Structure formats: structure tokens, C-alpha cells
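Hi everyone, thanks for coming. Let me put the sequence and the structure up, and then we can walk through them together.

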Amino acid sequence: MAELIIRFAIRISYEQFARVYQGAAKTVQIKAEDGRQVRLPAEKLKPFLTHTGIQGRFELRLDENHKFLAIHKLG
């Protein structure tokens with residue numbers, strides 16, 4: 001069973017992410033460090049939301065069928 005690891009940097013303001021709560025946005029499109037374009041359910045980023053928004057480098061882990069396993073912020 002091989003996991004797929006995708007690393008990316010993101011910077012979303014609080015106001016931009018508020019669209020998720022208003023129902024206007026359900027996914028976030030990100031560009032991975034290796035150039036891939038990935039759509040991620042916005043709800044997976046909610047734990048990282050602060051009063052300034054979401055920013056930093058993250059690591060997304062998917063299973064071999066590209067199903068979500070975990071996401072965490074990199075130091």
C-alpha cells in the first residue's frame with residue numbers, strides 16, 4: 001500500500017476562506033510543489049484557519065486510490 005504525498009504552499013485570506021462558510025466554495029485548487037494541480041475539499045483546511053486566514057506549507061497524504069488520509073502543516 002503506497003501513500004501519495006503532495007506538498008504545497010498556500011496563502012488564503014480569512015475573507016477568501018469565508019466563502020466556504022457562505023457555501024460559495026466547496027473546493028480549493030492548489031498547485032503542488034511538483035507542479036501538479038490538485039483540488040482539495042475546503043473543509044480539510046478548516047483546522048488551519050486563523051484570524052488572518054490560512055498560510056504556510058502543508059503536506060497532503062492520499063492513499064493509492066487518491067482518497068484523503070491526512071493533512072498537516074509543515075514547520
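**Charges, fold and core**

Let's start with charge: the protein chain carries 13 positive and 8 negative side chains, with the centres of the two sets 6 Å apart. Lys and Arg count as positive and Asp and Glu as negative, leaving out His and the chain ends; each charge is placed at NZ of Lys, CZ of Arg, CG of Asp or CD of Glu.

A quick word on the source: this is a predicted model, where local features need pLDDT of at least 70 and side-chain atom pairs count only at pLDDT 80 or more, while totals for chains, interfaces and linings use all residues. Residues are numbered from 1 along each chain as its sequence is written, and side-chain values use heavy atoms, without hydrogens and water.

Now, what pattern does the chain follow along the sequence? It reads β-α-β-β-β-β, with helices (H or I, at least four residues) and strands (E, at least two) taken as DSSP runs numbered from the N terminus.

Of the 75 residues, 32% are buried, meaning under 20% relative accessible area with a 1.4 Å probe, protein chains only; exposed is over 50%, and partly exposed is in between.

The largest nonpolar core has 20 residues, and F8, I10, F17, L45 and L60 have the most contacts inside it. Such a core is a set of buried Ala, Val, Leu, Ile, Met, Phe, Trp, Tyr and Cys residues joined through side-chain atoms within 4.5 Å. Strand 1 (4-13), helix 1 (14-21), strand 2 (27-31), strand 3 and strand 4 (53-62) each supply at least two of its residues.

Finally, P41 lies in strand 3 (residues 37-41) and is partly exposed because its relative accessibility is 36%.
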